[in-house]
Amino acid sequence: MEVLRDIASWALLVSGGGFCMIGGLGLLRLPDVYARMHAAGITDTLGAGLILAGLMVQGGLSLVTVKLFLILVFLLFTSPTSTYALANAAHRQGLAPLLGATPLDSAATDHKDETSSKP
Amino acid sequence: MRRKRLLHSISLGLVLFGVWLLLSGIFEPLLLGLGVLSCVIVVLIAHRMDVIDREGLPIHLGWRILTYWVWLAVEIVKANLDVARRILDPKLPIHPLLVRVKASQASELGQVIYANSITLTPGTVSMQVAGGEILVHAIAREMAEDLERGEMDRRVTAVSERAGGEIA
Amino acid sequence: MFVAATLALLVAMGLALARALLGPTVYDRVLAVNSFGTKTVLLIAVFGFLTGRPDFLDISLIYVLINFIATIAVLKFLKFGDLGTPGGDPGSDREMAE
C-alpha cells in the first residue's frame, strides 16, 4: 500500500515538474509576450496541479491535504486574473501581438522588439 | 432584499470560520473563540464596505459550478497537452491570432467566469472584455475554432444565469 | 522523489529568470516574475515535504496571495505611476473599447 502510494505520488510529482519545465521552456522559446502567457498558463494550471496532487497523495487525509488544496484553489483563482490584467495592460498600451505563422527566428524578433521599445 | 443580505452575511461568516478552522487545526476553546470573534469582525467590515452581494459571494451558483469545474478541468488538461506538444516541437508550430468571441452572459459575474475560464485554458488568453464581447489571443487556429464553437460560452451561461431567473 | 521535483522546479525557475533578464518589454519581465513566483510557491511546498516540516505550507499559502497582489501592484504602478490613486472607474472599460 505504502509502495503504491509512493509510486503514484512520484509519477504525479515528476510529471508536474516536467510540465513546469515545459512552461519555462515555452517562456523562453515563444516569440512575444502574448504567446508566452500561454506557456506561463501551463505552469500555473497543469504543472502546479500535478505537483500539488502528488503532495496531496503523500499527505493523505489530513489538514496538510486541505492546505495543499487551498493553495491550488488560490492559484487557480488568481492566475487568470493576473494574466488578464497583464494582457489587458499590454494591449491598452498598444503593444501589438505577433500574428500569423511565426518563423523560427524568435531571436531576431526579440531583437526587433528591443530596438522598437527603446525610443 | 434585507433577508437576502442577512443570508449572504451568515454564509460568508460560515465560510470564513470553516477556512479558519481548517488552517489553524487547533481546537481549544480560547482559540476557537478568537476565531469566531475575528470572523464576526471581518463580516462586519465587509458589511460596512458594502461588498457582501451576489458577486462577492456567489452562493446562488450552487452545485452547478462544481460540475462546470469538472468539465473545465478536463478541457484544461486537453489544452495543456496540446500547447505542451507545440512548445516541445522543434518547428514550433504556432499560429497566433486574435478573435472576438461573444459572451452571451447577461451578468458581469457570468462574463468574468467566462473570461477567466478562457484565460485558464492554455492556448487562449482573454485580452479585453467589452460590450458583450471578449477579445481573445489564441496560439493556434484550432484553439480559436474550439472557442468559436461556443460550448464553453453555453456552459457558463447555463451555470450563471439559470439561478431563479433574476439577473444581478 | 521530492528531490526530483525540487530540481525540476529549480530548472524551470532558472528558465523564467532568464526570460525576466532578457525582456525585451517590461510586460515580459512582469510575466516572467509572476511565473517565477508561482514556481516559488510550489518549491516552498515541495521543500516542506523534503525536510519533513509541513509548516512550510502556510508560507506557501501566503506567498500565492502576495504573488498575485505584487503582480497587480506592479501593473498598476506601470499604468498610473503611483499606487495611491484609485484605478479606472467601472465604466472606463467600455469607454476604452474601440
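Which side chain meets Arg155(B) in a salt bridge? The partner is Glu151(B), with N and O 3.2 Å apart; a salt bridge here is a side-chain nitrogen of Lys or Arg within 4 Å of a carboxyl oxygen of Asp or Glu. Before going further, please keep in mind that this is a predicted model, in which local features need pLDDT of at least 70 and side-chain atom pairs count only at pLDDT 80 or more, while totals for chains, interfaces and linings use all residues. Residues are numbered from 1 along each chain as its sequence is written, chains are lettered from A and ligands numbered from 1 in the order in which they are written, and side-chain values use heavy atoms, with hydrogens and water left out.

Let us stay with chain B for a moment. Arg155(B) and Glu151(B) sit four residues apart in helix α6 (residues 151-161), so about one helical turn separates them. Helices (H or I, at least four residues) and strands (E, at least two) are DSSP runs, numbered from the N terminus. Arg155(B) is partly exposed at 34% relative accessible area, and Glu151(B) is partly exposed at 35%; buried means under 20% relative accessible area, exposed over 50%, and partly exposed in between (1.4 Å probe, protein chains only).

A second pair in chain B is Lys78(B) and Glu75(B), whose closest N and O atoms are 3.3 Å apart in a salt bridge. Both residues lie in helix α3 (residues 64-88), three residues apart, which is about one turn of the helix. Glu75(B) is partly exposed, because its relative accessibility is 24%. Chain B also holds a network of salt bridges that links Asp82(B), Arg85(B), Arg86(B) and Glu142(B). Over all chains, the count of salt bridges comes to nine.

What order do the elements of chain B follow? From the N terminus on, they run α-α-α-β-α-β-β-α-α, giving six helices and three strands. Of its 168 residues, 45% are buried. Contact means heavy atoms within 4.5 Å, and among contacts in chain B between residues at least 6 apart in sequence, 68% join residues at least 24 apart.

Now turn to chain C, which has four helices and zero strands. Buried residues make up 44% of its 98 residues. For contacts with a separation of 6 or more in chain C, 45% are between residues 24 or more positions apart. Val30(C), in helix α2 of chain C, is one place to look inside. This valine counts as buried because its relative accessibility is 9%. Setting aside residues up to four places away in sequence, Val30(C) touches Thr71(C), Val74(C), Leu75(C) and Leu78(C), and also Leu86(A) from another chain.

The contact takes 44 residues from chain C and 48 from chain A. Together the two chains bury about 4,000 Å², 77% of it on carbon and sulfur atoms; buried area is the accessible area (1.4 Å probe) that two parts lose on being put together, summed over both. In chain C, Met1(C), Tyr27(C) and Leu31(C) lose the most area to chain A, together 17% of what that side buries.

How many salt bridges are counted between chain C and chain A? There are two. In one of them, Asp28(C) pairs with Arg36(A), the closest N and O atoms being 2.1 Å apart. Asp58(C) and Lys67(A) also meet in a salt bridge, at 3.2 Å from N to O. Asp58(C) lies in helix α3 of chain C and Lys67(A) in helix α3 (residues 63-92) of chain A, so this pair joins two chains. Asp58(C) is partly exposed at 33% relative accessibility, whereas Lys67(A) is buried at 14%.

Within chain A, the side chains of Gln58(A) and Asp6(A) are joined by a polar contact of 2.9 Å. A polar contact is a pair of N or O atoms within 3.5 Å; within protein, one must be able to donate a hydrogen and the other to accept it, and residues adjacent in sequence count only if both atoms are side-chain atoms.
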